[in-house]
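Trainee: I am new to this structure and would like to learn how to read its features. Could we go through a few of them together?

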Amino acid sequence: MASLLKMRRSNINLSPLLNIFRYSRGLYLALLAILLLFIFGSVLNRRQEYLQYFPSGSWPDLGQSRSTVIRPGDLVSSGSREVRPQDDQTPFAHEPIGLGTLRDVREGNFYRGGTLTIGHGSDDPEPPRPVVYDPYPDYNSDQWRKEFLGSFFACDGPRGRPLSRSNIQDMVSVYPGIPRDFPLPLLGSYAAIGIDAYTCANRFSRLGAYGYSDDPQPHINLSEANWGALQLQCVERNAARYSTRQTDSHSIKSILPLHPPLSSRKFLRDRPSSATRDLKHKSRSAVILRAWHDIDWTENLKQCVRSLIMELSLHSGGEYEVFILCHVKDKDIPYTDDDEAMQSVKSRFVPREFLDVTILFNDETLKTWYPKVDEHSTNYQYWQPVQIFSQSFQEFEYYWQLEMDARFMGHSYHFLEKSVEFAKRQPRKYLWERNAYFYLPGIHGSWQDFVRMVGSSVNGRGSVWGPQGTSDTTPVGPKPTTPSPEDDKYEWGVGEEADFISFLPIFDPVDTKWTFSNRLWGVSENTPRRASPVAMGRISKILVQQMHDLQIQGMGLVSEMTAPSLALWHGLKAVHVPHPVYIDGKWTAKELGRILNPGEPQKINGGSDSIWNWDHRWDHILYRLSYMFSTQTSEDLYRRWLGYPIDPNQFTDGSYHQDPQGRNWFDGGDLREDLYGPLCFPSMLLHPVKNTAEKKGPGMAVPV
């Protein structure tokens with residue numbers, strides 16, 4: 001047998017098989033090498049994409065991250081992001097110069113809050129890496145479908161493909177954690193509103209998806225996008241989520257209508273369908289950005305407008321639509337109803353990417369619509385263009401007005417949605433009284449503690465309960481459910497959408513020395529009214545109609561009084577949202593409490609000692625807040641966050657930096673990115689920010 005096997009082996013010629021094996025192995029190795037080169041090339045390309053958004057050494061290592069996407073609430077901390085009453089044991093200061101002067105000292109920890117100092121509660125010595133931040137609802141989930149009609153479809157983005165909420169090119173990225181020793185907001189509260197308090201963003205992670213880069217030749221040119229077309233396509237793709245009226249196709253004209261319609265248009269309301277009465281259409285909101293024809297379109301301004309369109313409109317499937325309402329101030333610019341001619345005017349002043357979201361208006365348009373009102377300047381009648389806009393764009397339930405010098409440091413959709421949810425949760429009982437306060441957790445405790453405190457202090461003193469206007473007003477709001485607020489158990493108004501949302505307190509200006517308290521046209525000075533500084537916020541369809549109708553009749557109030565006063569007269573729901581506001585100084589909550597909230601409980605800031613009095617007594621505090629009608633701090637924070645150092649020539653440039661009260665207003669904040677990394681800020685709303693180019697323009701943060 002052995003000899004037979006040996007003979008058979010000797011008769012087999014194995015060389016062809018060996019040749020085939022050698023050839024196949026060579027082919028296999030060659031294919032493997034090609035595959036490895038392809039993978040390596042893809043990794044390099046992907047790394048270049050990331051490097052476009054993050055500086056060297058800080059781009060995300062997705063392999064080391066627990067998750068490439070985080071959502072609000074994913075990160076929690078044992079520490080609180082607000083001051084508690086028991087934390088403030090400092091005695092009142094003896095201040096012979098005046099209240100609030102001793103601790104009028106700059107807070108340097110804002111400018112040491114770089115990415116290299118972020119604490120993330122991990123034993124990993126390496127600093128945390130940025131990851132995609134997704135604050136959107138779980139669209140198309142079973143829970144979502146139990147509430148809303150239709151289906152969500154991803155919209156196309158500026159790169160010519162559907163947006164992905166897991167793609168770093170399409171989304172905001174954040175760092176998990178907060179920089180070490182970063183100051184706490186003394187005003188407002190993350191917890192009360194529900195805003196994420198435990199993430200931060202630097203300029204690369206916040207604006208990288210919208211064109212920000214330190215590369216002088218970025219790989220992607222977003223200026224070629226047509227944001228108007230993208231928004232329109234997005235709504236069409238998601239049309240089943242909205243009512244027919246909300247998706248009526250409309251072509252955006254270059255200008256607001258020069259004349260009102262011959263017959264007054266009333267807002268249409270959809271009839272609920274009995275077949276789907278348990279499900280609802282999603283409401284839509286217009287976001288109106290106020291601009292003027294010769295505004296300086298810095299790269300930062302373009303990036304911020306892109307961010308609002310992407311975050312609010314495209315990623316939400318059209319829940320918001322962004323418009324730019326542009327004031328043509330120059331009377332020498334030809335202004336007609338010829339759309340082609342006005343398109344040419346737009347092209348002279350507005351970047352091409354924003355042409356199809358921009359609508360022009362001028363002073364003559366306002367005069368033609370409201371000839372019986374004697375005032376049409378945008379300083380005093382800031383809402384008039386929005387009122388006209390609402391008559392032409394009736395498909396929206398709500399209208400947000402934002403200024404071009406406001407900046408969302410966190411995700412804008414998350415901020416606005418949480419503000420809306422907070423307002424919806426508020427009961428009407430003692431709501432107007434709560435609205436007048438600056439909410440300071442360091443004095444008032446939790447929001448529930450604050451509600452109880454206001455209730456106990458106001459009880460029996462008289463309170464706004466239902467409409468409070470004139471005999472000429474026919475209220476359109478709901479009637480109170482009980483005869484008096486004392487009979488209500490904080491139930492009326494809970495779950496009701498707010499008709500007016502403001503980001504600063506809403507106060508009674510009648511007995512104050514606020515500079516605009518008697519700026520009235522056709523309205524008696526004895527008429528009850530309310531005011532909220534900075535005409536930014538949200539108004540409902542029903543409120544803006546009342547504002548329009550009032551001015552058609554020839555009556556008007558100054559901008560900051562228009563929306564809150566009409567809400568008061570008609571018994572509509574108005575809410576001051578106490579968002580987190582930072583202060584650049586060493587003041588304590590206890591000090592600020594007695595300065596910012598003077599007056600009787602039922603009329604906080606409504607008397608001769610109001611913080612809103614135009615005597616400039618408190619400018620050294622108000623102008624150090626991160627959100628105010630005018631403030632140095634917002635611009636200091638934003639410019640240092642952009643990586644711009646203090647101008648070393650500001651002390652010798654010949655400019656006048658001292659106000660009439662003798663206070664000096666220079667840029668502040670010692671920037672040391674070499675030690676701390678790029679500044680990383682938690683979510684906050686800054687206003688105003690006048691200078692966003694590295695070389696400052698003539699506008700100053702605090703006018704002097």
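**Reading helices and a buried serine**

Mentor: The axes of helix α15 (residues 541–552) and helix α16 (residues 559–570) come within 10 Å and cross at roughly 100°, and the two helices are therefore roughly perpendicular to each other, a term for angles of 65 to 115 degrees. This is a predicted model, in which local features need pLDDT of at least 70 and side-chain atom pairs count only at pLDDT 80 or more, while totals for chains, interfaces and linings use all residues. Residues are numbered from 1 along each chain as its sequence is written, and side-chain values use heavy atoms, with hydrogens and water left out.

Trainee: Which residues in α15 and α16 meet?

Mentor: Contact means heavy atoms within 4.5 Å; here Leu-543, Gln-546, Met-547 and Leu-550 in α15 meet Thr-562, Ala-563, Leu-566, Ala-567, Trp-569 and His-570 in α16.

Trainee: Which residues of α8 are buried?

Mentor: Buried means under 20% relative accessible area and exposed over 50%, with a 1.4 Å probe and protein chains only. In helix α8 (residues 339–349) the buried residues are Met-342, Val-345 and Lys-346, and seen down the axis of α8 they fall within an arc of 100°, so they line one face of the helix. The face turned away from that buried side carries the exposed residues Glu-340 and Arg-348, whereas the buried residues pack against β9 (358–361).

Trainee: Is Ser-540 buried or exposed?

Mentor: Ser-540, found in strand β14 (residues 537–540), is buried, with a relative accessible area of 4%. Leaving aside neighbours within four places in sequence, Ser-540 is in contact with Glu-397, Tyr-398 and Asp-499.

Notes
Helices (H or I, at least four residues) and strands (E, at least two) are DSSP runs, numbered from the N terminus. The arc is that of the directions from the helix axis to the C-beta atoms. Axes are lines fitted to C-alpha atoms, for helices over the stretch in contact, and angles run from 0 to 180 degrees between N-to-C directions. Angles under 35 degrees count as roughly parallel, over 145 as roughly antiparallel, 65 to 115 as roughly perpendicular and the rest as oblique.
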